[in-house]
Amino acid sequence: MMEEVLMSKSLKTVQTVCKVCKVLAEIAFVLFVVIVALMLAAAIFTGTGNFDALLLSGGVVLDDMLQQTGVTQDYMVAVFVCLTIIIAAEAVVAKFINVYFKHELKAGTPFTFEGAKEMLRLGIITIAVPIGASLAATIVFDIMAAGSGLDSEFNFEISLGMGLMFLALSPLLKYGAELRAKAQLAEEKLAEVKPADSEEDNL
């Protein structure tokens with residue numbers, strides 16, 4: 001009885017953490033989408049020269065600002081475009097994380113076989129999508145740099161820690177699902193034995 005109470009409290013704690021993570025993933029997704037839109041707008045405005053019109057009211061011209069930092073307007077456009085690709089990839093990852101926690105909360109426990117498969121898929125996505133986006137951004141930057149005569153380099157760093165953590169959690173969740181299935185099977189067998197014992201007692 002005490003173990004069941006402790007398990008219930010632990011599960012409630014896990015579900016509370018999952019709810020928080022679900023909300024944080026939703027917020028992150030929305031923020032990433034907004035940032036992607038702003039990056040695209042900045043790339044378009046900078047590339048067409050309309051950004052200067054926004055700054056003229058303050059007596060500042062973008063070209064003057066860029067000259068002081070030693071970069072060109074074409075370089076800034078390339079950076080904005082590539083950052084858009086990187087942040088869009090983060091938005092995709094945040095969405096998949098949000099979907100996982102939605103399914104986990106619906107199941108009521110992280111220890112399900114479907115949840116373990118989804119965690120494995122989430123780990124692969126969390127690693128593969130940023131790597132793909134980084135490669136794509138590097139290629140796009142090189143193409144834009146070559147077309148604009150830029151000789152600058154731009155490095156896109158990625159972190160694999162979260163993806164590796166998800167991959168490590170997947171077999172643990174699968175093991176928990178197996179233990180849960182064995183416990184349920186044992187309860188069902190025990191429930192079948194009890195009526196048979198009561199019938200023998202009546203005889």
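A: Let's start with a term: a nonpolar core is a set of buried Ala, Val, Leu, Ile, Met, Phe, Trp, Tyr and Cys residues joined through side-chain atoms within 4.5 Å, where buried means under 20% relative accessible area with a 1.4 Å probe, protein chains only. This is a predicted model, in which local features need pLDDT of at least 70, side-chain atom pairs count only at pLDDT 80 or more, and totals for chains, interfaces and linings use all residues. Residues are numbered from 1 along each chain as its sequence is written, and side-chain values use heavy atoms, with hydrogens and water left out.

The largest nonpolar core is made of 11 residues: Cys18, Ala25, Val93, Ile97, Tyr100, Phe101, Ala116, Met119, Leu122, Phe166 and Leu173. Two or more of them come from each of α1, α4, α5 and α6, helices being DSSP runs of H or I, at least four residues, numbered from the N terminus. With four residues, α4 gives the most to this core. In soluble globular proteins, nonpolar side chains tend to be buried together.

Now look at Phe101, one of the core residues. Setting aside neighbours within four places in sequence, Phe101 is in contact (heavy atoms within 4.5 Å) with Cys18, Cys21 and Lys22. A second, separate core has 10 residues, among them Val79, Cys82, Phe141 and Ala145.

Terms used:
Buried < 20%, exposed > 50% of the residue type's maximum accessible area, 1.4 Å probe, protein only.
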